[in-house]
Amino acid sequence: MYGWLNIGSLVLGLIAWILPIASLVMHNKNNYKKWVLFSIASISACVISLCFQILYNDYLVKIEDWAALMDTSKGVVRLSFLLAVVTIVLNVITAIVYNKKIK
């Protein structure tokens, strides 16, 4: 069951990136109010994805699989940081594009 946390984390991470991109693609339509919902959903997916990684690492600690922790911790930290930064940048770009369009 805990293996699904990694798959869920990957899927939610992709959703966190796809939502602001989809919002940017649709910015020419008259959906000014929906971009906020897309951004909230994107940031929420990113947070849940990171929580899944924390839960998986907690599981590895509970079963005392130190080798798995030592092998994966560097990658998990780097990819978690990348996920958070890219999600924030995409949502900031979306906010800038829609705020310019509204003015």
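Mentor: Rings of Phe, Tyr and Trp count as a pair if their centres lie within 6.5 Å. Keep in mind that this is a predicted model.

Trainee: Okay, which residues do ring pairs link into a cluster?

Mentor: Tyr2, Tyr56 and Tyr59. The structure holds 3 aromatic pairs.

Trainee: What makes tyrosine 2 and tyrosine 59 a stacked pair?

Mentor: Their centres are 4.0 Å apart, with 10° between the planes. Tyrosine 2 sits in the segment before helix H1 and tyrosine 59 in helix H2, 57 residues apart.

Trainee: Why is tyrosine 59 called partly exposed?

Mentor: Its relative accessibility is 23%. Buried means under 20% and exposed over 50%, so a value in between is partly exposed. Tyrosine 2, at 38%, gets that label too.

Trainee: And what makes tryptophan 35 and tyrosine 98 stacked?

Mentor: Here you have 5.6 Å centre to centre and 10° between the planes. The cut-offs are 6.5 Å for pairing and 30 degrees for stacking, so this pair passes as well. Tryptophan 35 is in helix H2 and tyrosine 98 in helix H3, so the pair ties together parts 63 residues apart in sequence. Both tryptophan 35 and tyrosine 98 are buried.

Trainee: Which residues make up the largest nonpolar core?

Mentor: Leu12, Ala16, Ala45, Cys46 and Leu83. H1 and H2 each supply at least two residues of this core.

Trainee: What does leucine 83 touch?

Mentor: Leaving out residues up to four places away in sequence, leucine 83 touches Gly13, Ala16, Trp17, Cys46, Ser49 and Leu50.

How values were computed. Residues numbered from 1 in each chain as written. Predicted model: local features only at pLDDT ≥ 70, side-chain atom pairs only at ≥ 80, totals over all residues. Heavy atoms only, no water. Phe/Tyr/Trp six-rings, centres within 6.5 Å; stacked < 30°, edge-to-face > 60°. Helix = DSSP H or I, 4+ residues; strand = E, 2+ residues; numbered from the N terminus. Buried < 20%, exposed > 50% of the residue type's maximum accessible area, 1.4 Å probe, protein only. Core = buried A, V, L, I, M, F, W, Y, C linked by side-chain atoms within 4.5 Å. Contact = heavy atoms within 4.5 Å.
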